[in-house]
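Hello,

Here is the structure I promised to pass on to you. Have a look at it first, and my notes on what turned up follow below.

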Amino acid sequence: MEVYDKSQTVDPEVRAYISSLVSAVGGQSTLDERYEIGDSAPAVLKDILRWLRLYDDKLDRYDVKRCLADSNLVKGDLLEILALWPEDQQENAWKAKLALECLTLIAALTYPMEVKEETTKVNHVRHMPVLQLAQVGYKRAILHFEGASILRTMVRAGLPAMALERRDRNRRQEGVIRLMLHCFKNLAMITQPQHLPSQGDENEVSRSATINAFHEQDVFSLLLTVGSGVGDEFRDHDVVILETLFHLLKGLDARKLFMEDNQIKHAEVDELQTLMRKEKAMVNSYKKRAPTRHNRFGTMVWVKTGDNRVSTVTGQNTITNASNTLQQMDASKKYNRPKFKGKQGEELNESETFGGRIVLTESARSHLRSFVEDFLDSSFNPLFSSLRKGIESESDRFKSSNHRQFWYLISWFLEAEAARREYKKAQEPSNGTVEDNTFAHIAAVLDQETFVLLNRHMQRAYDEKVWQELRAILTCLTQILLTVQNMSESKDEEDQEIAENILNRIFYEETTHDRIVQVCRTYSNQGLGYLDAVTECVHVFVRMLENYSKQNADLQIRSKRRARRKKKAETQPDSANEDGGPGDDEEAEGHAADDEREAHMTVSERKFDFARFSAKFLSQGCVNTFISLTQFYADLTSAQLKRCHRFFYRLAFKQELAVLLFRVDILLLFQQMIKGPGGLDHGIEGWKEWETLVQQVFRRCFKWIERQEKSGEDGGKGWKEAAVVEMLFSKIPNTLFYLQNGYERVIERRAPRPPAELEVKPSVKEMEKRIGVAVSVMLELGKGDAVEWVKRELGRAGEERQAWQDEKEARMEVDRPAEDGTDAVVADTSSAPTIFLTPDNDERKEALFKDKYLRLLLTTMGMERLGASDDVDASWIVPSDITAATLKESLAHIRSAEHEPPTFDDGKNAQDLIRPKSTAYATRAGGGAAFSDDDSNASQSDADVDAALYGPNLRHPVPEGAERPKKRRRLTKRNQGESLTEEQAEAKAEARRKWEKENTKKEKSKLFITSSDEDTDEERDREFFRLEEERRGRVRRVIAEVVGKVEGGEGGKKGKGKGEKAAKKKQKKRKDIASDESDNEDTGLDDSDVNSDASAASDTAGRPPKRMRTNPFSDDESSAAASHRDTEDKEMENEETPAASPPTLGKAAETLPLVEVSGNVASGKPQPISVDEEEDDDDAPVVKPGTQRRNVRAAFIIEDDEDE
């Protein structure tokens, strides 16, 4: 460039100053070819640095850098000065100082330049290309300098500061270390710009050349040292190491690092063969429609459409067949697609993208593999632990780009660790022993803190639409899941347990599931790399979650659901806060806002259902995402194609939602993939599966279109046309069920539940206080508007009722008869019309159904509700029996409660005096204190009647000497404590018996008690008592006849039995059946019963009395059983009484009366009974069992002399 042209780009005065400074730094010696340093070189270097900071940086210009690039300062002076500092002169302070000054300028001149649309100036556009090419030249000169190892010299410049402990280093020494690391980072970042011309030496600044130079000049060793000591000695240098590693490793295939040369050659050969097959398939597809040798002649064809419209198509291939003609017509159409206006500027920065593909040389791959192995073993955990803590604390040293670098490097190193593990397994075959725990080298990114940070940044990146960071996070999550899967397949049980815990933590949060679904649904135009990351993450996440849910059937997840919005916080009435200041209001508003935020989400645990989770992916958005990836089928790998195939197969056949694929563009894509043109190669992996899938999708589509037409139903008319129209659009959830099944979904809506009925406690007796309680509660809850509405309605109802009463009185006054009685008229006895309460808005109407406190106020004043309890539209009315005076009085009570709230004793508030109505009903129904206060003066006869009708549940006595069954004692807190004493146990048992007796009296049923029972009818009562007396007389005669015949047969002799065997047979037939005494009112005996009893009694004459276990007053079935047993006894009357049978009675029994015993009492002294005794006598007391078994006949005992 000429001097005149240079002066036009930069200010000549600035160029003159910079040129003079550069010439003062030094130059080539006049004696030999060695470089000589100027006398004032340190000061000159500082002046140049000052120019850079004050002119370029402060004024935001690139003039000084342009002048330094034109004067060749870096290659001609700075590198020469560094080369003059040999390794054997490490202690030379002057040269060390010069080296630091040169290092400072190199770091400033190699710092990457970014183009920002907001701050770009004309000067930037003018100098940027030149400076970028100059930086490439700086990197080439530094990496391949012939005189010395420049990178090793940079390392030596920072070693003295690194040798000191952290507590002994000052700020300048920390700055030296930072400066050295920034130089290495800048060199790793510099690449050949893709939009600028190159000089044909890109390999000298390529990634392979950088890796080889870093390895040969000990830069990798320095990075390992700093990385391993980040947690202690180098805490502030983790971000620089992160950026250096990112620019060294981005775009590299981690698995290829751990492949042998022959494996890489095979992989490259396979890749070449795949490309050649694709090219061959493309050529064959083209040959089918290739033009003939007559293509030099022009061809124009008119295509006539169905509506007689003509289109013109040109080209030789349009005359071959109709499909080619239509395809050519489609290809000739021009569609001005609107340009995407979203955020894609971040992808234009080449230094921050990580989706490119870099190929390394063999030597560079070997060097990088050794560095990666050493880094994983020594530096991975401390470096990424420090980075995670810094990101969590939102430290100032982290930029937004560092976040995506952090997540990308985690995924890269996890993939490298997996590749290294596979490489070691291939090198050292398993010998049956447990493998080493290599997962400990990456444990820093598998803890709970990392998962929490990952979820937080994923949600933030999605909300802020930072797609590149979200892509890195999704890639990181995918690699974490794959690593955990490898851990679960490990032979070490500890690794398996850790993998189980990690999966449980990841899958425990339902928000993570929903976030994955949301990311999959909302893909729009973020690029192929982002699309690949999203679909891979979804594929791995769903597959692992399905396997994990199958292994853990009781998997619990924490679900967060949006709750109903809580009402405003309970505040005091405005009148109570008149003395409060503004600070109180702000504090109250803050608390209300916090309560509202907490009320928005409710957290609960529930059992995980994989079918429910997988259904979330069955939406058109997820289908569109995978269709977008499938559109690149020509460029996708076998794994990516398999990923898409599995999704469509799960959608169409497992979930039976193939209707989502019935869209014209989707079907056209599937047809092109299989049939062409430009379809899939038949030799690729998975071709057969894709062909079968597409075949079945088309078959189901045809059946879906013709489904209703073939059925012949009336609803099938027009279905085919509607289905074809629907194929043009995406399916929405509202119509998806109908399109799939042919009928609308029937949704059963549950009727709304009415609120709990409330009432004011009976202790508040005055109506004024009862209304005051209801009003106070509503005011405390901030429902003053509802109280105002009630007041308005009461006023209106009072006016209407008063008007009706006045009208009635006036009519009665007019219709009053005269004094002589000639014009007597019947008095008006009609009741007042009901008045309906009218809600003023829909919210009031809903409150009349849902607000239990408003309903309490209305019911307290006597209002009534018409309709069923669950009827939302039921009306409230003012009944006819409420007068205008009562309404005015209620209105006055409400106003009084508003201005002078009622006070209550014992510090109670209005809420304490309200209870649900169900509690009051349960108290009355349960008895006890029972019945209300009105029953306190009830007669004792009612209790006696209850005792007679519902006697105590007597326990069956156990004979003396018999072993009592052991009680089962539950292991409760009551039984685990100290055992009770005998006195305490006896008192407790006595209390329980008393409670049982009282509880038995309360079992009187109300179902048979009606209001008509209180009515009295003397004639009916006389008839009832007459029939009762006749019934009792018949009973007395039956008893007398039975007793007489039994006494007459006492003189018979006992027949001798045939032995003990017959006695056992007799005992087996006779079972001990005890029956309680029945009430005489319920017997209902007739003449047939009397005759049967008499005949039964006559059969017993001439033999000893037997123990009868039936009741003569029982039903027919029991009488028949007794008759059957008497027949058996008659057959055995000549047999000898065995020793085990009861003893016989003496003659003295003839004069003894009958005694009545309970069926539960086995022995004891009997109680005499009188036939005239009333039926409401007390129950017979329970007596202890005796040693002698009694003779029972028809529930009566015949006494003898021995009993006396």
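Let me start with the cysteines: the sulfur of Cys 537 lies 9.6 Å from the closest cysteine sulfur, that of Cys 520, which is too far for a bond. A disulfide here means two cysteine sulfur atoms within 2.5 Å, and a search of the whole structure finds 0 of them. Cys 537 has 1% relative accessibility and so counts as buried; buried means under 20% relative accessible area, exposed over 50% and partly exposed in between, with a 1.4 Å probe and protein chains only. Cys 644, at 0%, is buried too.

Before you read on, please keep in mind that this is a predicted model: local features need pLDDT of at least 70, side-chain atom pairs count only at pLDDT 80 or more, and totals for chains, interfaces and linings use all residues. Residues are numbered from 1 along each chain as its sequence is written, and side-chain values use heavy atoms, leaving out hydrogens and water.

Next, the aromatics. The structure holds 36 aromatic pairs, meaning rings of Phe, Tyr and Trp (its six-membered ring) with centres within 6.5 Å; planes under 30 degrees apart are stacked, over 60 edge-to-face and the rest tilted. Phe 380 and Phe 413 have ring centres 5.6 Å apart and planes at 65°, so they are edge-to-face. This pair links distant parts of the chain, with Phe 380 in helix H17 and Phe 413 in helix H18, 33 residues apart. (Helices are DSSP runs of H or I of at least four residues, strands are runs of E of at least two, and both are numbered from the N terminus.) Both Phe 380 and Phe 413 are buried. Trp 704 and Trp 719 are another edge-to-face pair, 6.1 Å centre to centre with 80° between the planes. Both of these Trp residues are buried as well.

Finally, helix H37 covers residues 884-899. Its 16 residues should span 22 Å at 1.5 Å a residue, and the end C-alpha atoms are 23 Å apart, which agrees; the expected span is 1.5 Å times one less than the number of residues. Among the buried residues of H37 are Leu 887, Leu 891 and Ile 894. The buried residues of H37 pack against helix H33, helix H34 and strand S10, where contact means heavy atoms within 4.5 Å.

Best wishes
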